Amino acid sequence: MLCSRCGKNAAKKYILQEKEVFLCDDCRPQGRGKASVCPECGTALSDFRRTGLLGCPYCYNAFRDEVIAMLDKMQGGTYHAGKVQSERSREKYEATHELALEHEYVKAELERAMLNRDYKTAESLQKKLRELHAKLYAEGDRE
């Protein structure tokens with residue numbers, strides 16, 4: 001494809017001001033000091049400022065300063081701190097986890113008692129298993 005401006009040189013497809021154009025390296029807009037156009041996709045810095053959208057992954061490097069400034073303004077920072085688990089949430093998780101472990105242990109003991117035909121022990125383990133099951137599922141339904 002030839003350049004749509006000069007008609008002489010081989011051109012790449014660029015999107016400038018939401019219009020698709022084919023420009024050669026000589027005719028595409030050049031920035032002074034900073035990139036005003038992404039070298040890969042041709043997205044103009046003015047398009048990014050107007051829409052907030054980038055054209056390709058390389059735009060992040062081409063418009064690095066602008067992207068960082070926009071993120072800082074929009075989100076109040078340029079890094080992700082993650083979500084910190086609350087103390088109450090962590091304690092609830094640990095208690096539920098302990099109940100689940102005990103439930104599995106009692107279930108295994110019940111199976112062992114049944115295999116050994118120790119029905120009296122099996123009966124008490126089955127009762128304990130029902131209690132643990134009730135606690136475990138009641139614990140998840142709270143709040």
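1. Helices here are DSSP runs of H or I with at least four residues, numbered from the N terminus.

2. The model is predicted: local features need pLDDT of at least 70, side-chain atom pairs count only at pLDDT 80 or more, and totals for chains, interfaces and linings use all residues. Residues are numbered from 1 along each chain as its sequence is written, and side-chain values use heavy atoms, with hydrogens and water left out.

3. Helix 3 itself covers residues 64–75, 12 residues in total. From first C-alpha to last it reaches 16 Å, close to the 16 Å expected at 1.5 Å a residue; the expected span is 1.5 Å times one less than the number of residues.

4. The structure holds one aromatic pair. Phe-48 and Phe-63 are stacked, at 6.1 Å centre to centre and 10 degrees between the planes. Rings of Phe, Tyr and Trp (its six-membered ring) pair if their centres lie within 6.5 Å; planes under 30 degrees apart count as stacked, over 60 as edge-to-face and the rest as tilted. The pair links distant parts of the chain, 15 residues apart: Phe-48 lies in helix 1 (residues 45–51), Phe-63 in the loop between helix 2 (59–62) and helix 3.

5. Phe-48 is buried at 4% relative accessibility, and Phe-63 is buried at 2%. Buried means under 20% relative accessible area, exposed over 50%, partly exposed in between (1.4 Å probe, protein chains only).

6. Gln-85 sits in the loop between helix 3 and helix 4 (87–115) and is partly exposed at 49%. Neighbours within four places in sequence aside, Gln-85 is in contact (heavy atoms within 4.5 Å) with Arg-90 and Tyr-93.

Methods
Helix = DSSP H or I, 4+ residues; strand = E, 2+ residues; numbered from the N terminus.
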